[in-house]
Amino acid sequence: MDSSLNLLRKKAEKDLNQATLESNVVLVEDSDLDFTVINKVLSPKYNLRRFSSAEQLLEQLGDLKVSLFLLDYRLPGMDGIDLCQSIRSVPAFEHTPIIMLTGEAYASFEYKFWDAGCNDFIAKPYSAVTLQKRVEKELKYSALLEQHKEASMIDSLTKVFNRRYLEVVMNQLSARHESPEVSVLLLDIDYFKKYNDRYGHLAGDAALVSVTNTVKRALARDTDFISRWGGEEFAIVLPHTNYDGCQLVAKRIIDLLHEEHIPHEDSPNGYLTISIGGVTVPESPRDWKTLFLKADENLYEAKENGRNQYCLKSKV
């Protein structure tokens with residue numbers, strides 16, 4: 001048992017090392033001497049970019065992709081504490097690790113660093129090992145949180161987004177009232193209970209994965225995405241898509257699944273099919289749930305009309 005746990009720990013450590021390799025570290029440091037030391041320690045593993053002042057960083061902050069900030073407390077102009085607060089006010093960097101470097105007797109400044117939003121702080125003079133290990137710790141912890149966050153948003157079987165993630169995205173779309181047309185589809189696998197009863201749940205799981213992959217092939221744009229709605233139902237969100245575009249996607253999904261021709265002896269067609277209900281609206285509604293209620297009504301109509309088809313409507 002202990003050896004198995006050790007192997008798991010080693011694998012996890014290896015994965016985290018790989019995940020943090022070449023992370024983007026932003027350093028704000030006005031001392032050339034200190035920069036030389038820090039660059040020597042961190043640049044072999046990370047992409048280090050230096051700014052000489054807080055103002056210089058803030059001018060370009062919106063264009064940066066940052067894994068960790070390393071801030072000197074004593075800077076010309078705005079100091080490290082004010083800079084940390086400014087960084088934290090930007091939503092994209094609300095949870096990005098920030099380490100403060102200080103030459104002060106930091107015990108008396110400790111509460112200021114925490115209140116400003118720092119994750120850690122290092123007193124000068126510091127050793128190369130201390131700097132390296134503190135940066136490594138924060139990057140690994142951040143990567144671990146991101147992995148858990150991603151896992152909580154991904155359906156474990158089909159590896160597509162789950163309903164929780166869908167709710168997050170739809171709330172974001174609803175908040176952007178300037179967004180043009182949006183279409184949603186609800187997809188249900190026909191006679192899926194009979195499929196499970198005949199072929200078993202392992203085959204049912206495999207069928208869910210096959211349908212998911214078929215849908216992903218039908219979605220042509222990076223902005224389109226599928227999520228598992230629950231059971232054998234899936235939701236598809238198509239931003240910036242009018243009725244004709246929505247119809248094109250629905251037809252493509254059904255046609256591609258027909259080509260797969262997955263056997264289903266208890267279906268009237270003899271193979272696995274799907275029914276789709278969809279709706280297009282001219283702009284993102286304040287209450288996104290009304291979109292899916294309408295799509296669900298149209299899905300019910302598609303089933304009532306014989307399944308293996310789509311029913312789409314435009315709602316003005």
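Predicted model: local features only at pLDDT ≥ 70, side-chain atom pairs only at ≥ 80, totals over all residues.
Student: Which strands stand at the edges of the open sheet?
Tutor: The sheet has five strands in the order 2-1-3-4-5, with parallel pairing. A strand with a single partner strand has one side left without a neighbour in the sheet, so the edges belong to strand 2 (47-51) and strand 5 (120-123).

Student: In strand 2, what is the bridge partner of Asn24?
Tutor: Strand 1 (residues 24-28) pairs with strand 2 in the parallel sense, over five bridges. For Asn24, the bridge partner in strand 2 is Asn47.

Student: What angle does the direction of helix 2 make with that of strand 2?
Tutor: Helix 2 (residues 32-42) packs on the sheet, where it touches strand 1, strand 2, strand 3 (68-72) and strand 4 (98-102). Its direction and that of strand 2 make an angle of about 170°.

Student: Is helix 9 roughly parallel or oblique to helix 10?
Tutor: Helix 9 (residues 201-218) packs against helix 10 (residues 243-260) with the axes 9 Å apart and an angle of about 130°. Angles over 145 degrees count as roughly antiparallel and 65 to 115 as roughly perpendicular. The angle of about 130° therefore makes helix 9, relative to helix 10, oblique.

Student: How many nonpolar residues does the contact of helix 9 with helix 10 have?
Tutor: Helix 9 contributes Val211, Thr214, Val215, Arg217 and Ala218, while helix 10 contributes Arg252, Ile253, Leu256, Leu257 and Glu260. By class, one residue of this contact is polar and three are charged, and the nonpolar residues number six.

Key: Residues numbered from 1 in each chain as written. Heavy atoms only, no water. Axes fitted to C-alpha atoms, helices over the stretch in contact; angles between N-to-C directions. Helix = DSSP H or I, 4+ residues; strand = E, 2+ residues; numbered from the N terminus. Parallel < 35°, antiparallel > 145°, perpendicular 65-115°, else oblique. Contact = heavy atoms within 4.5 Å. Nonpolar A, V, L, I, M, F, W, Y, C, P; charged D, E, K, R; others polar. Pairing = 2+ DSSP bridges.
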